[in-house]
Amino acid sequence: MKLLRCLALLFLSLIILSSCNDQETYADQKEKERNAINSFIKKQGIKVISEEEFKKDTITDVASREFVLFDNTGVYMQIVRKGCGQKIKNGETANVLCRFNEYNLLTDTLILSNSVLYYSSLPDKMAVTNTLGTFTASFISGVMSSVYQTTSVPAGWLIPLTYINVGRMVEEGDQIAKVNIIVPHSQGTSSALTNVCPCYYELTYERGL
């Protein structure tokens, strides 16, 4: 009986050890994230340019599918439209309305969107402050804060604000700013951070009241 009990304990220990070995480490998860981002870039035919090249004119060639890589954050950005109006000025706090599609790059699926008909009249609203070129923000209302249960704005959403105008369509021909961004987990939502999940966003910015 003792022998059987010992063998059973040994077998259980081996199962537990095997299970632990099968669990992904943070390094494994980061590697999967890098692979997912690289796969997306390759599949979409994206041309990555450096910050140095981008800052010559702060333009990304949409026809060539250019994205600029910001090395310090790992965020890739494509400016589709710079937008009408003006940039958010130093010392200013502005309400900004956003419409977005959020995709999980690990599963290549749409996670969340406020661009669908049901939410067509409900853009996400955030209060954005520019302090000496550093942007901070919090959600006031919308899908992101409701789903993720936090007012925190993904850091990746704030990077484009240095380079785009945030205005309202007043005259014929005016267009609001639009960007596409690849956001690693460290610059994403609380869920992305927890699950080490990279996301791709199609995102517009419009000045609110």
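Predicted model: local features only at pLDDT ≥ 70, side-chain atom pairs only at ≥ 80, totals over all residues.

Trainee: What is the idea behind a salt bridge, and how many does the structure hold?
Mentor: Side chains of opposite charge can pair when their charged atoms come close. Here the structure holds 6 salt bridges.

Trainee: Which side chain does Arg34 meet in a salt bridge?
Mentor: That's Glu31, at 2.6 Å from N to O. Both residues sit in helix α2, which spans residues 26–44, and because they are 3 residues apart there, about one helical turn separates them. Arg34 is partly exposed at 42% relative accessibility, and Glu31 is partly exposed too, at 37%.

Trainee: And what about Lys47, which residue does its side chain meet in a salt bridge?
Mentor: Lys47 pairs with Glu66, at 3.6 Å from N to O. Lys47 belongs to strand β1 (residues 47–49) and Glu66 to strand β2 (residues 66–70), so this pair ties together parts that are 19 residues apart in sequence. Check the accessibility as well: Lys47 is partly exposed at 41%, whereas Glu66 is buried, with a relative accessible area of 10%.

Trainee: Now for pockets. How do you look for them, and what volume does the largest pocket have?
Mentor: Rolling a probe the size of a water molecule over the atoms shows where empty space is left. In this model the largest pocket has a volume of about 230 Å³. It has 14 lining residues, and the closest to its centre are Asn72, Thr73, Leu158, Ile159 and Thr162. The lining divides into 6 nonpolar, 6 polar and 2 charged residues.

Trainee: Which element gives the largest share of the lining of the second largest pocket?
Mentor: Helix α2 does, with 6 residues.

Trainee: Last one: what does the secondary structure of the chain come to?
Mentor: Look for 6 helices and 9 strands. Of the 209 residues in the chain, 40% count as buried.

Definitions and conventions:
Residues numbered from 1 in each chain as written. Heavy atoms only, no water. Helix = DSSP H or I, 4+ residues; strand = E, 2+ residues; numbered from the N terminus. Buried < 20%, exposed > 50% of the residue type's maximum accessible area, 1.4 Å probe, protein only. Salt bridge = Lys/Arg side-chain N within 4 Å of Asp/Glu carboxyl O. 1 Å grid on protein atoms, 1.4 Å probe; cavity = no way out; pocket = protein on both sides within 12 Å on 5 of 7 lines; lining within 4 Å. Points joined across faces, edges and corners; volume = space filled by probe spheres on them. Nonpolar A, V, L, I, M, F, W, Y, C, P; charged D, E, K, R; others polar.
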